[in-house]
Amino acid sequence: MMEIRESILPGIGMKYQMDTASGDRIVIVIHDDGRRELYHFSREDDDQSKLVATLEDQEARQLAALVGGMVYKPKQLESVEMAFDDLTIEWYRIESHFGCIGKTIGELHIRQNSGASVIALIDKNKGKLVNPGPGAVLSADATVVAVGEREQQKRFKQILMNGSG
């Protein structure tokens with residue numbers, strides 16, 4: 001398994017560094033404003049880095065989907081994917097007009113009404129909450145991470161937007 005080293009960059013954001021099996025080093029800097037910078041260090045010259053790309057948040061998510069195989073799945077990975085069947089993990093930013101704001105996960109009956117499960121809640125003020133319980137309150141600009149099948153994810157998003165199931 002590949003090791004990823006994580007560093008806090010005060011006033012900037014986070015830095016993630018990984019060494020690939022081929023000997024290259026990849027560094028990703030995630031800025032507090034959402035921008036991502038990708039750097040490549042070749043195995044021939046470990047001191048010289050090359051800025052490969054600067055990406056906005058949405059661009060980074062699209063690239064992650066491509067690299068992660070969400071658009072094209074190599075044949076040899078199909079058997080691994082079968083273990084998860086049709087489950088997907090989605091990240092939803094709660095926009096200021098969403099009806100779920102101020103309500104708890106339990107009040108919205110998320111699992112009963114959508115079939116999806118909330119696996120994390122990330123809030124600027126409250127921090128990260130892994131596997132939040134029914135008492136967790138949803139707030140504007142928080143990010144909710146849910147797992148479920150595609151239809152369940154659609155129903156879940158409607159619950160977030162409408163504030164009811």
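This report describes the elements, the last helix, the core and several single residues of a predicted model.

## Basis of the model

Because the model is predicted, local features need pLDDT of at least 70 and side-chain atom pairs count only at pLDDT 80 or more, while totals for chains, interfaces and linings use all residues. Residues are numbered from 1 along each chain as its sequence is written, and side-chain values use heavy atoms, with hydrogens and water left out.

## Overall layout

The chain holds five helices and nine strands. Helices (H or I, at least four residues) and strands (E, at least two) are DSSP runs, numbered from the N terminus. Read from the N terminus, their order is β-β-β-β-β-α-α-β-α-α-β-β-β-α.

The chain has 165 residues, of which 29% count as buried. Buried means under 20% relative accessible area, exposed over 50%, and partly exposed in between, with a 1.4 Å probe and protein chains only. A contact means heavy atoms within 4.5 Å. Among contacts between residues at least 6 apart in sequence, 41% join residues at least 24 apart.

## Helix H5

Helix H5 covers residues 150–162, which is 13 residues. At 1.5 Å a residue these should span 18 Å, and the end C-alpha atoms are 18 Å apart, so the two agree. The expected span is 1.5 Å times one less than the number of residues. After H5 comes Gly163, whose phi is positive, near 80°.

Which residues of H5 are buried? They are Gln152, Gln153, Phe156, Ile159 and Leu160. These residues cover an arc of only 115° around the axis, which puts them on the same side of H5; the arc is that of the directions from the helix axis to the C-beta atoms. Arg150 and Lys154, on the other side of H5, are exposed. The cover over the buried residues includes strand S6 (88–93), helix H3 (105–108), helix H4 (110–114), strand S7 (117–123) and strand S9 (143–148).

## The nonpolar core

A nonpolar core is a set of buried Ala, Val, Leu, Ile, Met, Phe, Trp, Tyr and Cys residues joined through side-chain atoms within 4.5 Å. The largest one here has 18 residues. Those with the most contacts inside this core are Ile94, Cys100, Ile110, Leu138, Val144, Phe156 and Leu160. Two or more residues each come from H3, S7, S9 and H5, and the largest share, three residues, comes from H5. In soluble globular proteins, nonpolar side chains tend to be buried together.

Val144 shows what such a position touches. Leaving out residues up to four places away in sequence, Val144 is in contact with Glu90, Trp91, Tyr92, Ile94, Val118, Ala120, Leu121, Leu138 and Phe156.

## An aromatic pair

How many aromatic pairs does a search of the whole structure find? The search finds one. Tyr92 and Phe156 form this pair, which is edge-to-face, with 5.3 Å centre to centre and 65° between the planes. Rings of Phe, Tyr and Trp (its six-membered ring) pair if their centres lie within 6.5 Å; planes under 30 degrees apart count as stacked, over 60 as edge-to-face and the rest as tilted.

The pair links distant parts of the chain, since Tyr92 is in strand S6 and Phe156 in helix H5, 64 residues apart. Both Tyr92 and Phe156 are buried.

## Two buried strand residues

His31 belongs to strand S3 (residues 25–31). Its relative accessible area is 14%, so His31 is buried. The side chains of His31 and Glu37 are joined by a polar contact of 3.4 Å. A polar contact is a pair of N or O atoms within 3.5 Å; within protein, one must be able to donate a hydrogen and the other to accept it, and residues adjacent in sequence count only if both atoms are side-chain atoms. Apart from neighbours within four places in sequence, His31 is in contact with Ile12, Gly13 and Glu37.

Thr88 is in strand S6 and counts as buried at 11% relative accessibility. Thr88 and Ala146 are 58 residues apart in sequence, with their C-alpha atoms 8.2 Å apart in space. Not counting residues up to four places away in sequence, Thr88 touches Ala146, Val147, Gly148, Arg150 and Gln153.

## Positive phi in a loop

Most residues other than glycine have a negative phi. Asn131 is not a glycine, yet its phi is positive, about 55°. Asn131 is in the loop between strand S8 (127–130) and S9, and counts as exposed because its relative accessibility is 57%.

Asp141, also not a glycine, has a positive phi of about 70°. Asp141 lies in the loop between S8 and S9, and its 34% relative accessibility makes it partly exposed.
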